[in-house]
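I opened the model and kept notes as I went. The entries follow in the order of looking.

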Amino acid sequence: MGERLPNATRAIIEERKITGYLLSRDHPDGRGKTLFFESFGFDISRWEELRDALLVHGGEGELRRVEENPYGTKY
C-alpha cells in the first residue's frame, strides 16, 4: 500500500475555497476546475458535497507525488 496524506483526519476545507474558487465560474483560475467538478455532478448550491468528497479522498487516496515549493509541501 502507498503513502497517505499526513494528518488527513485534521484537514479543513473552508466554504470560500469551494464556492469562491473550485466551483466558481467567475474565478479566472478556478473556471476550469469548476467545469471538471460539475462534470461529476458537483454544484455550488450543494458545495458541502464536494467538501466531503475531497476530505474522504484525501484520507483514503494514495499520494502520487510530493513536491516542496516556496510555500511548503504540495501533495
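I began with polar contacts: a polar contact is a pair of N or O atoms within 3.5 Å, where within protein one must be able to donate a hydrogen and the other to accept it, and residues adjacent in sequence count only if both atoms are side-chain atoms. This is a predicted model, where local features need pLDDT of at least 70, side-chain atom pairs count only at pLDDT 80 or more, and totals for chains, interfaces and linings use all residues. Residues are numbered from 1 along each chain as its sequence is written, and side-chain values use heavy atoms, with hydrogens and water left out.

Entry: Thr 34. I found the side chain of Thr 34 at 3.0 Å from the backbone oxygen of Leu 22. Thr 34 sits in helix H2, residues 31-38 (helices are DSSP runs of H or I, at least four residues, numbered from the N terminus). I noted Thr 34 as buried because its relative accessibility is 0% (buried is under 20% relative accessible area, exposed over 50%, partly exposed in between, with a 1.4 Å probe and protein chains only). Setting aside neighbours within four places in sequence, I listed its contacts (heavy atoms within 4.5 Å) as Tyr 21, Leu 22, Leu 23, Ser 24 and Arg 25.

Notes: Helix = DSSP H or I, 4+ residues; strand = E, 2+ residues; numbered from the N terminus.
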